[in-house]
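Biologist: Can you walk me through this one? I'd like to start with the aromatic rings, then move on to helix packing.

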Amino acid sequence: MSVILAVESSCDETSVSIVKNRNILSNVIASQIKLHEQYGGVVPELASRKHLEMVNPCIDKALVDSGLAWGDIDAIASTVTPGLVGSLIVGVTAAKTLALVHNKPFLGIHHLEGHIYASYLNDPDLEPPFLCLLVSGGHTSLIHVKGRGVYKNIGSTRDDAAGEAFDKVARLLNLPYPGGPVIDRLAKEGDRNAFKLPEGRVSLPNNQGFHPYDSSFSGLKTAMLRLITKLKEENGDNLPIADLCASFQYTVAKALTKRSIRGCLDLGLTKIAVGGGVAANSGLREYLTTEAQKQGIEVFFPPLSLCTDNAAMIACAGCDHFNHGVRSSLSLGVASRMNIEDVHKLYKE
Ligand code: KG4
Ligand code: ZN
C-alpha cells in the first residue's frame with residue numbers, strides 16, 4: 001500500500017490529489033471553465049497563467065483534506081504528456097520541486113493512462129485485460145488494455161475528437177462552452193430520431209468497406225451545419241434545439257458503441273471501461289450499456305467527477321507503477337503528444 005500525491009495540469013483543470021492504491025484520500029480540482037468560456041475554447045497562455053496561480057493552493061488543500069503530512073507520502077507524480085506544453089510545465093515543475101524538497105521519488109504519467117485508471121478508482125476489482133473507450137476533448141481512442149502499462153491502440157478518430165465535436169456543434173447552435181454537458185442536458189428534452197445524421201464511418205482503401213474501429217466526426221459536424229442552415233432558412237432562428245441535440249448525441253453514441261462492441265468481441269474481451277469527459281454523456285452511458293448487455297459485455301463508467309480531468313486518476317496510475325518499482329528521472333521533460341503504447345519511455349531504465 002503506498003500513498004501518492006499527483007498534480008494534473010495538462011489542459012484547463014489544475015488538480016492535486018492524494019491516493020492510496022485505489023482509494024482517493026483527497027482530490028482538489030480548480031476548473032478554468034469560467035476563464036475560457038468567453039473565448040469558446042481553451043486559450044493556452046491564459047491556462048498556463050491560471051495553473052501557476054492555482055497549483056500551490058491546490059497542493060496545500062490536497063494535503064489538508066487528506067489529513068496526512070509530507071512524511072506519509074511515498075512519491076510524487078505528475079502528468080507529463082499529452083497536453084498544452086506551457087500548462088504541463090507548471091504542474092511538472094511543481095511536482096519535481098516537491099519530490100526534490102521532500103526527498104521523494106518522481107513519476108511522470110501519461111494523461112490517457114490516467115483516464116484508464118479512473119475506472120479502477122470506481123471499480124477497485126477491475127483488472128486487465130479489457131477494452132478502454134477513451135473519449136475526451138482531445139482524444140477518441142479504443143485501447144486494448146493488456147496489463148499494467150501495456151497498451152495497444154486499435155482505433156482512433158481521423159479528425160475531430162468526440163468531445164471536440166460536441167463543443168463545435170454546440171458553437172453552431174450558439175450554446176456555451178464546453179458544449180458536451182449543455183448538449184447532454186438539452187438532448188433529454190428532444191427526440192433522438194428527429195433527424196437522421198451520418199455516423200462518420202471511415203472507408204478502407206480499394207473499396208474494402210469501412211474501418212471497423214476508426215471514427216470520423218467532421219462529416220457529422222458538416223451535416224449538422226447544413227441541417228441548421230436549412231432549418232434557419234425555412235423557420236428563421238426558431239430552431240428545434242432539443243431535437244437537434246438529441247439526434248446529434250444519439251448519432252455519436254451509436255458510432256462509439258458500435259466500434260467498442262465490435263472491438264471487444266473481435267479481441268475476445270468481456271469488459272469495456274469508458275474514460276474521458278465524454279464518458280459523462282448520459283446518451284452514451286445508456287446506449288452503450290444496453291447494447292453491450294445484449295452481447296454479454298460488462299461496461300464500466302467512472303462517476304462524472306472522475307470522467308473529466310482530475311489528479312486522482314494520475315495518482316492512481318502513479319501508485320500502480322510505483323508499487324511495481326517504476327520511477328522517472330527528474331530530467332524527464334514534457335511533451336505535447338505521445339502514443340500511449342510508448343508509456344515505458346517515461347520510466348527510468
Ligand atoms: O477529459 P476532459 O475533461 O478533457 C480532455 O482531456 O479533453 O474532456 C473534456 C470534454 C469536452 O469536450 C466536453 O465538452 C466533454 O468532455 N464533455 C461532455 C460531457 N461532459 C464533458 N461531452 C458530452 N456529454 C457530457 N455530459
Ligand atoms: Zn483528459
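Modeller: A term to begin with: rings of Phe, Tyr and Trp (its six-membered ring) pair if their centres lie within 6.5 Å. Keep in mind that this is a predicted model.

Biologist: Which residues form one aromatic cluster?

Modeller: Tyr117, Tyr120 and Phe130 do.

Biologist: And how many aromatic pairs does that rule count?

Modeller: Four aromatic pairs. One of them joins tyrosine 120 and phenylalanine 130, with 5.9 Å centre to centre and 80° between the planes. That pair is edge-to-face.

Biologist: Where do tyrosine 120 and phenylalanine 130 lie?

Modeller: Tyrosine 120 lies in helix H4 (residues 111–122) and phenylalanine 130 in strand S6 (residues 130–135). The pair therefore ties together parts that are 10 residues apart in sequence.

Biologist: Is tyrosine 120 buried or exposed?

Modeller: Buried, at 3% relative accessibility. Phenylalanine 130 also counts as buried, at 0%. The cut-off for buried is under 20% relative accessible area.

Biologist: What about phenylalanine 166 and phenylalanine 248?

Modeller: Their ring centres are 5.0 Å apart and their planes are at 75°, so this pair is edge-to-face. Phenylalanine 166 lies in helix H5, while phenylalanine 248 lies in helix H8 (residues 241–266). So the pair ties together parts that are 82 residues apart in sequence. Phenylalanine 166 is buried, at 2% relative accessibility. Phenylalanine 248 is buried too, at 0%.

Biologist: On to helices, then. At what angle do the axes of H5 and H6 cross?

Modeller: Roughly 70°. The axes of H5 (residues 162–172) and H6 (residues 179–187) come within 7 Å. Angles of 65 to 115 degrees count as roughly perpendicular, so H5 and H6 are roughly perpendicular to each other. The crossing is left-handed.

Biologist: Which residues meet there, H5 against H6?

Modeller: From H5, Phe166, Asp167, Val169 and Ala170. From H6, Gly179, Gly180 and Ile183. By class, the contact has four nonpolar, two polar and one charged residues.

Biologist: New topic: cysteine 319. Which helix is it in?

Modeller: Cysteine 319 lies in helix H11 (residues 311–323). The residue is buried, with a relative accessible area of 1%.

Biologist: What is cysteine 319 in contact with?

Modeller: Leaving aside neighbours within four places in sequence, cysteine 319 is in contact with Ser2, Ile4, Val19, Lys20 and Asn21.

Biologist: How far apart in space are cysteine 319 and alanine 165?

Modeller: They are 33 Å apart, C-alpha to C-alpha. In sequence, cysteine 319 and alanine 165 are 154 residues apart.

Conventions. Residues are numbered from 1 along each chain as its sequence is written. Chains are lettered from A and ligands numbered from 1 in the order in which they are written. This is a predicted model: local features need pLDDT of at least 70, side-chain atom pairs count only at pLDDT 80 or more; totals for chains, interfaces and linings use all residues. Side-chain values use heavy atoms; hydrogens and water are left out. Axes are lines fitted to C-alpha atoms, for helices over the stretch in contact, and angles run from 0 to 180 degrees between N-to-C directions. Helices (H or I, at least four residues) and strands (E, at least two) are DSSP runs, numbered from the N terminus. Angles under 35 degrees count as roughly parallel, over 145 as roughly antiparallel, 65 to 115 as roughly perpendicular and the rest as oblique. A crossing is left-handed if the near helix is turned anticlockwise from the far one by less than a right angle, and right-handed if clockwise. Contact means heavy atoms within 4.5 Å. Ala, Val, Leu, Ile, Met, Phe, Trp, Tyr, Cys and Pro count as nonpolar, Asp, Glu, Lys and Arg as charged, and the others, Gly among them, as polar. Rings of Phe, Tyr and Trp (its six-membered ring) pair if their centres lie within 6.5 Å; planes under 30 degrees apart count as stacked, over 60 as edge-to-face and the rest as tilted. Buried means under 20% relative accessible area, exposed over 50%, partly exposed in between (1.4 Å probe, protein chains only).
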